[in-house]
Amino acid sequence: MTYARIAGIGSFLPEKVVSNKDLEKTMDTSDEWIRERTGIKRRHVVVDGETTSSIGLIAAQRAMADAGLGPEDIDLIVVGTATPDKVFPSTACIIQRQLGVRGSPAFDVHAACSGFVYGLDLANRYIVTGGAKTALVIGSETLSRITNWEDRGTAVLFGDGAGAVVLTASEEPGILATHIHADGEYEELLHVPSGVSVGYDETRAGRAFIEMNGNAVFKRAVATFDNIARETIADLDGHIDNVDWFIPHQANMRIIKAAAKKLGLPMDRVIATVDEHANTSGASIPLALDQAVRDGRIKRGDMLMFAAFGAGFTWGSAMLKY
Ligand code: UT7
């Protein structure tokens, strides 16, 4: 049997850091409120000249170096992003060019915070059916570009960053199960109401910003994390004890803790980076994964479970042996 196995991981965080204290100076908020309600202490943000493709490129190069593979080896590129450089071409095509990869399919997956898990699901299907041997799956976001810095309800929550994995076809177990879902019923609870086709609100000077009903999204996120994790475990005929590390999408520490509690997982088996990275949407899982591999917590052979939830609503999970 052929599996898609993680051969390399990489990530990149922009150098500029904005702390909660920095935000206190520009809006009616406090470090205490942000830490208590979200667990976030700081976030990285891009500066002029940095883009979703430029930070995604670095994460991809690091993942390829980690795998010991070059551009000639890559035969599929999928980028999970809600903040593409341009309407077209896709951010995947821009990164493909910069990597020096030629001819492989390259496309973006737009599933908001579930973008990386959606990308992983797709790349896994390509690999197990023989459509690709080596796939690059990238989650890259510049959410600061669609953040309304005058709205304290959303501005304190988001950050920028990128993470990537190289998946290779292998006889050894890698990805064991993936599930992805969506329910468009909840569009208005978390969305960017303006854009290319619906048009732009003139009062916002042609800019598009995130709007969210935080409370409603919070409740839905907690319930969904529990359901998707259980679905993945059931699919494997397994038990939560088989999971060495749970890596959920990093939106809010309270959501992460609630999900872990419902699953009966102690927090020392949960990777949480939301304190340092804030919510980086499609980049949050590969960023957390890379950090935990680099600091030695996650080791080869460990069983990992990813779970994501985001605008759409979209959600998804993956169970894999690292
Ligand atoms: O990435 C996937 C999707 N996103 C999420 O999963 C995010 C889900 N939602 C959340 O994480 C939380 O709902 C928030 C962190 C956004 C908000 O936390 P909350 O506990 O739901 O607070 P709230 O919206 O009920 O607001 C409580 C109070 C309000 O004041 P009043 O009405 O009680 O006087 C807000 O106006 O906190 C106020 N508030 C703030 N105060 C200081 C809202 N934002 C801030 C702020 N600083 N930044």
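Mentor: Here is the example, and we'll take the terms one by one.

Mentor: A bit of housekeeping: this is a predicted model, where local features need pLDDT of at least 70, side-chain atom pairs count only at pLDDT 80 or more, and totals for chains, interfaces and linings use all residues. Residues are numbered from 1 along each chain as its sequence is written, and side-chain values use heavy atoms, with hydrogens and water left out.

Trainee: What makes up the secondary structure of the protein?

Mentor: It comes to 10 helices and 13 strands. These are DSSP runs, numbered from the N terminus: helices are H or I with at least four residues, strands are E with at least two.

Trainee: How do you know whether the radius of gyration agrees with a compact globule?

Mentor: You set it against a rule: 2.2 Å times the number of residues to the power 0.38, with the radius taken over C-alpha atoms. For 322 residues a compact globule would come near 20 Å, and the protein has 18 Å, so the value agrees. The C-alpha atoms fill a box of roughly 55 × 45 × 35 Å along the principal axes.

Trainee: Why does His-44 count as buried?

Mentor: Buried means under 20% relative accessible area, exposed means over 50%, and partly exposed is in between (1.4 Å probe, protein chains only). His-44 has 13% relative accessibility, so it counts as buried. This histidine sits in strand 3, residues 42-44. In the protein as a whole, 56% of the 322 residues count as buried.

Trainee: What does the side chain of His-44 reach?

Mentor: The backbone oxygen of Pro-14, at 2.6 Å. A polar contact is a pair of N or O atoms within 3.5 Å; within protein, one must be able to donate a hydrogen and the other to accept it, and residues adjacent in sequence count only if both atoms are side-chain atoms.

Trainee: And is Arg-102 buried or exposed?

Mentor: Exposed, because its relative accessibility is 64%. Arg-102 lies in the loop between helix 4 and strand 5.

Trainee: Why is helix 10 called largely enclosed?

Mentor: Because 9 of its 11 residues, in the stretch 284-294, are buried. Among them are Ile-285, Leu-287, Leu-289 and Val-293. Gly-296 follows helix 10, and its phi is positive, near 90°.

Trainee: What is the phi of Ala-112, and why mention it?

Mentor: It is near 50°, a positive value in a residue other than glycine. Ala-112 is in the loop between strand 5 (106-109) and helix 5 (115-128), and at 9% relative accessible area it is buried. Ser-281 also has a positive phi, about 50°, although it is not a glycine. Its loop runs between helix 9 (274-277) and helix 10, and its 4% relative accessible area makes Ser-281 buried.

Trainee: Which peptide bonds are cis?

Mentor: One runs from Phe-88 to Pro-89, with omega near 0°. Another runs from Gly-312 to Phe-313, with omega near -10°. Pro-89 lies in the loop between strand 4 (76-80) and helix 4 (91-99), while Phe-313 lies in the loop between strand 12 (303-310) and strand 13 (314-321).

Trainee: Now the ligand. Which residues come nearest?

Mentor: Of the 23 residues around the ligand, Thr-29, Arg-37, Asn-215, Asn-252 and Asn-279 do. A residue is near if one of its heavy atoms lies within 4 Å.

Trainee: Which helix gives the most to the shell around the ligand?

Mentor: Helix 7, with 4 residues.

Trainee: And how do you know where the ligand lies relative to the domains?

Mentor: Domain 1 (3-172) and domain 2 (176-321) both give residues to the shell, so the ligand lies between them. The domain bounds come from an automatic or database domain assignment.
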